[in-house]
Amino acid sequence: MLKDYATMSDEQIARLLFDTTRMWRAQLNTVLAQYELTASAWSVIRVLRDEGQGRTQKELASALAIEGPTLVKLLDSLERLNWIERRVAPTDRRAKTIWLIDSALPQIKEADEKLGMVRHAILDVLDEQERNDFTKLLSKVKQNLEQMCHESNNQGDPI
């Protein structure tokens, strides 16, 4: 017989986290709509800007924890809107590397400033100690999830 590990508290926390993430994403999508972007597309731009350009599509999909076909749709859209370009990888002509287009950098800066205002408005209800506690707790949960994902990728079973 399997033990029921899910307590009502676990379920409430999970739902709260899911609902908060969904609403946060909706706020981001509202801002990004004026650039014809979504939060998912923005995550591609953010990774390229903050963690380095010139990644292959496979590396980028891994960094974003999404499937290749999902990334391809995002990249097609970003390329059509002139935010990114694909280049042939220097070490493997079959692979493509992804680069931000220089002419998109002012729009990226503008969008990031607007997103920063949204983040501030969302988190403004927390004082400094609450922000520190919140960050510490979320980081702890994230680290646990990262470990679980790593183990499930190696074993095929999340628990």
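The following questions and answers examine a predicted model of a protein chain.

User: How many aromatic pairs does a search of the whole structure find, and of what kind is the pair of tyrosine 35 and tryptophan 83?

Analyst: The search of the whole structure finds one aromatic pair. The ring centres of tyrosine 35 and tryptophan 83 are 6.3 Å apart, and their planes meet at 80°. Planes over 60 degrees apart count as edge-to-face. The answer is therefore one pair, and its kind is edge-to-face.

User: Which parts of the chain does this pair link, and how many residues lie between the partners in numbering?

Analyst: Tyrosine 35 belongs to the loop between α1 (8-32) and α2 (39-51). Tryptophan 83 belongs to the loop between α4 (68-80) and β2 (84-88). The pair thus links distant parts of the chain, and the partners are 48 residues apart.

User: Are tyrosine 35 and tryptophan 83 buried or exposed?

Analyst: A residue counts as buried if its relative accessible area is under 20%. Tyrosine 35 has a relative accessible area of 6%, and tryptophan 83 has one of 1%. Because each value falls under that cut-off, tyrosine 35 and tryptophan 83 are both buried.

User: Over the ring of which residue does the charged end of arginine 87 sit?

Analyst: The charged end of arginine 87 is 4.4 Å from the centre of a ring, over which it sits. That ring belongs to tryptophan 99.

User: Which element supplies the largest share of the lining of the largest pocket?

Analyst: The largest pocket has a volume of about 1,800 Å³ and is lined by 37 residues. Nearest its centre lie Thr21, Arg25, Ser43, Arg46 and Lys142. At least two lining residues come from each of α1, α2, α3 (57-64), α4, α5 (105-123) and α6 (128-155). The largest share, 11 residues, comes from α6.

User: How do the residues of the lining of the largest pocket divide into nonpolar, polar and charged?

Analyst: Among the residues nearest the centre of this pocket are Arg25 and Lys142. Arg and Lys count as charged, whereas residues such as Leu and Val count as nonpolar. Over the whole lining, the division is 21 nonpolar, nine polar and seven charged.

User: Which elements give two or more residues to the lining of the second largest pocket, and which of them gives the largest share?

Analyst: The second largest pocket holds about 540 Å³ of space. Its lining has 13 residues, with Ile13, Ala14, Leu17, Leu138 and Val141 nearest the centre. The elements that give two or more residues are α1 and α6. The largest share, seven residues, comes from α6.

User: How many nonpolar residues does the lining of the second largest pocket have?

Analyst: By class, this lining includes two polar residues and one charged residue. The number of nonpolar residues is 10.

User: What percentage of the span that UniProt lists for "domain: HTH marR-type" is helix?

Analyst: An unreviewed UniProt entry lists this domain at residues 10-143. The end C-alpha atoms of the span lie 17 Å apart.

User: Is lysine 58 buried or exposed?

Analyst: Lysine 58 lies in helix α3. Its C-alpha atom is separated by 10.0 Å from that of valine 72, which is 14 residues away along the chain. A relative accessibility over 50% counts as exposed. At 72%, lysine 58 is therefore exposed.

Methods. Residues numbered from 1 in each chain as written. Predicted model: local features only at pLDDT ≥ 70, side-chain atom pairs only at ≥ 80, totals over all residues. Heavy atoms only, no water. Phe/Tyr/Trp six-rings, centres within 6.5 Å; stacked < 30°, edge-to-face > 60°. Helix = DSSP H or I, 4+ residues; strand = E, 2+ residues; numbered from the N terminus. Buried < 20%, exposed > 50% of the residue type's maximum accessible area, 1.4 Å probe, protein only. Lys NZ or Arg CZ within 6 Å of the ring centre and 35° of its normal. 1 Å grid on protein atoms, 1.4 Å probe; cavity = no way out; pocket = protein on both sides within 12 Å on 5 of 7 lines; lining within 4 Å. Points joined across faces, edges and corners; volume = space filled by probe spheres on them. UniProt positions renumbered as here; feature names shortened; annotations may be inferred.
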